[in-house]
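Colleague: Hi! Could you walk me through this model? I'd like to start with the charged pairs.

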Amino acid sequence: MTTDFAATKAQFHLPAGITYLDGNSLGPLPKTAAARVAQTVNAEWGEMLITGWNKAGWMDQPSRIGDRIARLIGAEPGHVVMGDTLSIKVYQALASCLDLNPTRRVILSDTGNFPSDLYMAQGLCQTLGQGYTLKTVAPEDVLATIDDTIAVTLITEVDYRTGRKHDMAAITAKAHAHGALTIWDLAHSAGALPVHLSRARADFAVGCTYKYLNSGPGGPAFIYIAPRHAATTRPALSGWLGHESPFAFDQTYRPGAGIERMRVGTPPILQLAALEAALDIWDQVDLNDLRQQSLTLTDQFIAGVEASCPTLRLVTPRDHAIRGSQVSFHHPEGYAIMQALIAHGVIGDFRAPDILRFGFTPLYIDKTDTAKAIAVLSRIMAENLWDNPAYKTRAKVT
Ligand SMILES: *Cc1c(COP(=O)(O)O)cnc(C)c1O
């Protein structure tokens with residue numbers, strides 16, 4: 001398959017006059033999503049009422065869609081399930097891994113990890129007591145820090161601020177050599193680059209769908225368990241839909257088969273309908289083509305910005321082997337510069353304390369968009385257009 005990125009771009013609603021470099025935070029609307037959701041609302045919810053759980057197949061949606069995600073993350077079919085938010089899935093995966101490795105007490109993560117992952121780990125350690133701790137080291141030091149004390153590594157493959165990519169295969173291999181388990185957070189990997197969970201022998205993985213996968217705000221997360229752990233994992237969040245037989249209404253929890261046990265409660269059917277519309281576009285994409293195009297665009301952006309904006313300092317690795325699908329720059333006035341960019345039709349985002357972040361998403365961003373973003377940023381910097389009080393008031397969401 002050779003991916004036709006002009007064809008995928010045509011399948012998204014992209015507001016006129018906007019260059020959207022924030023699909024790493026919230027993907028745009030697939031054109032068929034509104035009709036797909038409307039059909040679920042009207043023909044299914046409206047007409048079928050509660051019979052939709054069987055007739056429209058709602059109850060099987062989380063694993064059916066999990067299988068479509070599996071292709072994008074190199075997972076075995078039947079080992080990914082949808083539900084809840086990423087933070088919840090991080091907690092669930094962590095609790096399960098600590099349970100599978102009961103003689104160890106240390107969770108290893110890195111200081112570049114997304115705060116919610118770290119907060120969830122801190123909360124779990126407090127709840128468990130008994131000496132459980134979260135250890136964080138610089139991203140570059142993760143590999144060297146893995147030793148026989150580590151129960152589980154909790155690593156986000158691509159750093160949300162810097163765009164630096166960890167070596168999943170190497171970290172997983174070293175963790176296993178030392179008797180540790182691995183959880184990979186794919187928030188900035190799924191739909192951003194090829195992921196090979198099975199080949200890397202990852203133990204658990206989690207990720208969200210509203211970033212690169214374009215499921216819309218509040219879209220559900222996914223969780224993967226390697227087949228070798230699927231029958232022995234205790235799900236920790238033992239909700240009724242992860243029970244072996246939910247409609248037996250037993251008084252006592254018994255885990256469901258394999259990955260089904262990681263389900264918790266009622267799935268978000270309307271959000272899953274929007275995700276299905278997005279996955280119809282993903283079915284047309286070869287992930288190796290995606291990676292090539294992503295590197296072409298991020299190279300183009302780095303070269304163009306460095307040539308025209310000497311005060312912006314590159315954060316993202318130049319080395320393709322350790323670069324995700326975003327480009328970040330430091331600037332002390334990063335917030336105001338980003339507000340000026342947005343006012344001039346180029347949407348990226350700002351991450352404290354001083355990072356301007358731009359996501360590159362080949363499904364709907366091309367070389368022309370990238371050139372336009374470079375030109376607008378160059379003008380804002382050359383003419384100091386950011387130096388305006390209107391651009392310096394912080395909004396709630398940055
Ligand atoms: C975006 C992101 C989250 C967000 O979690 P939600 O529960 O979906 O809000 C968590 N972890 C990482 C690494 C992220 O990039």
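Modeller: Happy to. A salt bridge here is a side-chain nitrogen of Lys or Arg within 4 Å of a carboxyl oxygen of Asp or Glu. A search of the whole structure finds 21 salt bridges. This is a predicted model, in which local features need pLDDT of at least 70, side-chain atom pairs count only at pLDDT 80 or more, and totals for chains, interfaces and linings use all residues. Residues are numbered from 1 along each chain as its sequence is written, and side-chain values use heavy atoms, with hydrogens and water left out.

Colleague: Thanks! What does Asp280 form a salt bridge with?

Modeller: With Arg36, where the closest N and O atoms are 3.4 Å apart. Asp280 lies in helix α11 and Arg36 in helix α2, so the pair ties together parts that are 244 residues apart in sequence. Helices are DSSP runs (H or I, at least four residues) and strands likewise (E, at least two), numbered from the N terminus.

Colleague: Which residues are linked with Arg36 in a network of salt bridges?

Modeller: Arg64, Arg68, Glu276, Asp280 and Asp283.

Colleague: And how do the axes of α2 and α11 cross?

Modeller: The axes come within 8 Å and cross at roughly 145 degrees. Axes are lines fitted to C-alpha atoms, for helices over the stretch in contact, with angles from 0 to 180 degrees between N-to-C directions. Among the residues that meet are Ala33, Val37 and Thr40 in α2, and Leu270, Ala273 and Ala277 in α11; contact means heavy atoms within 4.5 Å.

Colleague: Which residues in α2 are buried?

Modeller: Ala33, Thr40 and Glu44. Buried means under 20% relative accessible area, exposed over 50%, and partly exposed in between (1.4 Å probe, protein chains only). The cover over the buried residues of α2 includes β3 and α11.

Colleague: What about Leu49, buried or exposed?

Modeller: Exposed, at a relative accessible area of 55%. Leu49 sits in the loop between α2 and α3, and its phi is positive, near 50 degrees.

Colleague: Switching topic: where is Pro317?

Modeller: In the loop between β11 and β12. Pro317 is buried, with a relative accessible area of 13%. Leaving aside neighbours within four places in sequence, its contacts are Thr162, Gly163, Arg164, Ile322 and Arg323.

Colleague: Last one: which side chain meets Arg318 in a salt bridge?

Modeller: That of Glu306, at 2.8 Å, N to O. Arg318 is in the loop between β11 and β12, and Glu306 is in helix α12, twelve residues apart. Arg318 is exposed at 52% relative accessible area, while Glu306 is partly exposed at 32%.
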